[in-house]
Amino acid sequence: MAKAPSVRGVFLSVHGKVAGWVKANRNLAASMLGVFDLLLVIAVIGITPYTEIDWSTYMEQIKIFLDGERDYHQIEGPTGPVVYPANFLYIFSALYKLTAGGTKIDRAQILFAIFHALNVSIVARTYLEDEKLDISVLLLILLSRRVISIYVLRMFNDGIEALLANLSVYLFCRKKYTLGCVFLSLAVGVKMNALLYVPAVGVLMVEELGWRKTAGNVLLCLIIQVGLGMPFVVHRWQSYVGRAFELGRVFLFKWSVNYAFLPEDVFKSSRLAAFLMVFHLSLLILFTHKHWAARFGGILRLLGLPIAERDNTIKPGEGMVAPSSAITALLTCNIIGLACARSIHYQFYAWYFHGLSYLLWKTALPVSARLLILLVVEVVYNVYPPHPIASAALHVCHFVIIYTLYLKENLFVVAAVSERGEKDN
C-alpha cells in the first residue's frame with residue numbers, strides 16, 4: 001500500500017503550484033489580491049466606527065484654499081496650519097468635491113479603501129518582479145490592523161503619499177526612471193517623507209543611466225515641485241517653503257511612538273537631532289559602499305574620485321541592476337530613514353509597513369524570527385499612548401532588520417551591460 005503523503009508534503013505541493021501560477025500571471029494575481037483587499041477593508045469599514053483626527057482639518061484647509069487663499073500662513077484648520085506641499089491641497093481638493101465638502105464620510109472611506117487596494121496591488125506587482133519571491137510575503141502585506149485604520153478609519157494623507165511612493169518603486173525596478181521620478185516627486189508633493197527614498201534612487205540612476213541623465217531627472221523633479229508650488233511661491237514664497245518643507249520642525253512628544261523612553265527635553269534637543277542625522281548619513285554610506293556601489297569600486301569611485309579600479313569594476317551608466325536588488329535598495333533606504341527619525345507618529349507606519357515583510361525575507365533570519373518582528377512592530381503601533389518599552393522594542397526591530405540586511409552577502413546584484421546585453425531604455 002502506498003504511503004499517504006504527509007501534511008507538510010501536501011502543503012509544499014500546493015504552495016509550489018500556487019506560486020507557479022502567481023508568477024506566471026503576475027498582473028492578474030496582483031489585481032486579484034487588490035480586489036480581495038478592497039472587500040476586506042470595506043468589511044472593516046462596516047463594523048468599525050470612523051475616528052475623527054485630521055480629516056476635518058484637511059477639509060477646512062481645503063475650503064480656505066478653494067476660496068482663493070494662497071498664503072500658506074493663512075491656511076489653517078482646527079488642529080493647526082497646513083504643513084504639506086501643494087500636491088496635498090490639489091488631491092484633497094478633489095476629495096473635498098467628491099465628498100460634499102468632506103461631509104460624506106462614508107463616501108470618503110470608500111475612496112480611501114480604493115487607495116488602499118490600489119496600494120496593495122502595486123506593492124504585490126512590484127514584489128513579483130523578484131523571481132525568487134516567496135509568495136507568502138504577498139499575504140503578509142494584508143495583515144495590519146493599524147495600516148487599514150490609517151487609510152479608512154482616520155483617512156490620513158500618509159496613505160496617498162505611500163501609494164504614489166510605492167508606484168515610483170515599481171517604476172524604478174522596471175527601469176522606468178523618468179516616470180518613476182515623476183511619481184516620486186508627486187509623492188513628495190503630498191508629504192516630504194518620500195524624500196527618504198532619494199539616496200537609493202540617486203545611486204540606481206547613476207549606476208544605470210550615468211551622471212548626465214541622472215542630473216536631467218533630478219532637474220525634472222525640481223521643475224515638478226516648483227510647478228506644483230507656483231501659485232503659492234509667486235504670492236509669498238517664504239511662507240510656502242517655510243511651511244511645506246520645514247525640515248527643522250519638532251513633532252509633539254506625546255505622539256512619538258519611537259522615543260517614549262526619553263525625557264521630553266532630550267527628545268526636543270538639537271543634539272539628538274544632530275546625532276540622528278549623522279547616524280542616518282553613516283548608515284547610508286555604509287550600505288552604499290558595501291552593497292549598492294560595490295561593483296562600481298565603492299562609493300568614492302561611484303562619485304568620480306580617482307580611486308584605483310578593482311577587478312570587474314563597472315563605470316557609472318554601464319550597470320544593470322536586478323529588479324529584486326533595486327527593490328531591496330529602495331526599501332532599505334526608506335527604513336533607514338524611519339529608524340533614524342527623531343519622531344515617528346502612528347500614521348507613519350503606512351510609509352514602510354508594506355516593505356517590512358519583503359525586507360525580512362531578504363535576511364538570513366529564521367522564519368519564526370521574521371514573523372516575530374512583524375508581530376512586535378504591529379503591536380507597537382497599536383499601543384496607545386506610546387510606551388517606553390514599546391518604543392525600545394521598535395528600535396530593536398528596526399535595527400535587527402537593518403543589521404541583518406547589511407550582513408547579507410549578494411544583497412545587491414548588478415551586472416555590466418556587456419555581461420547581459422543592451423539595457424531597456
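Student: What volume does the largest pocket have?

Tutor: About 1,000 Å³, and keep in mind that this is a predicted model. Of its 33 lining residues, Met192, Leu196, Leu247, His280 and Ala341 are the closest to the centre.

Student: Which elements give two or more residues to that lining?

Tutor: Those are α10 (198–244), α12 (270–292) and α14 (323–339). The most comes from α12, with six residues.

Student: How do the residues of that lining divide into nonpolar, polar and charged?

Tutor: There are 23 nonpolar, five polar and five charged ones.

Student: And the second largest pocket, what is its volume?

Tutor: About 810 Å³. Its lining has 28 residues, with Ile53, Asp54, Trp255, His345 and Gln347 nearest the centre. By class, that lining splits into 15 nonpolar, seven polar and six charged residues. Helix α3 gives the most here, with three residues.

Student: Let's move to the rings. Why is the pair of tryptophan 55 and phenylalanine 92 called tilted?

Tutor: Start with the distance: the centres are 6.2 Å apart, and the limit for a pair is 6.5 Å, so they do pair. The planes stand at 55 degrees. Stacked needs under 30 and edge-to-face needs over 60, so 55 degrees makes the pair tilted.

Student: What makes phenylalanine 275 and phenylalanine 279 a stacked pair?

Tutor: Their centres are 5.8 Å apart, with 10 degrees between the planes. Stacked means under 30 degrees, so 10 degrees qualifies. The two are four residues apart in helix α12, which means about one helical turn separates them.

Student: Why does phenylalanine 279 count as partly exposed?

Tutor: Its relative accessibility is 29%. Buried would be under 20% and exposed over 50%, so 29% falls in between.

Student: How do you know that arginine 370 is close enough to count as lying over the ring of tryptophan 361?

Tutor: Arginine 370 is 5.0 Å from the ring centre, over the face of tryptophan 361. The distance limit is 6 Å, so 5.0 Å passes. Lysine 290 lies over the face of tyrosine 406 at 5.5 Å from the ring centre, so that distance is within 6 Å too.

Methods: Residues numbered from 1 in each chain as written. Predicted model: local features only at pLDDT ≥ 70, side-chain atom pairs only at ≥ 80, totals over all residues. Heavy atoms only, no water. 1 Å grid on protein atoms, 1.4 Å probe; cavity = no way out; pocket = protein on both sides within 12 Å on 5 of 7 lines; lining within 4 Å. Points joined across faces, edges and corners; volume = space filled by probe spheres on them. Nonpolar A, V, L, I, M, F, W, Y, C, P; charged D, E, K, R; others polar. Phe/Tyr/Trp six-rings, centres within 6.5 Å; stacked < 30°, edge-to-face > 60°. Buried < 20%, exposed > 50% of the residue type's maximum accessible area, 1.4 Å probe, protein only. Lys NZ or Arg CZ within 6 Å of the ring centre and 35° of its normal.
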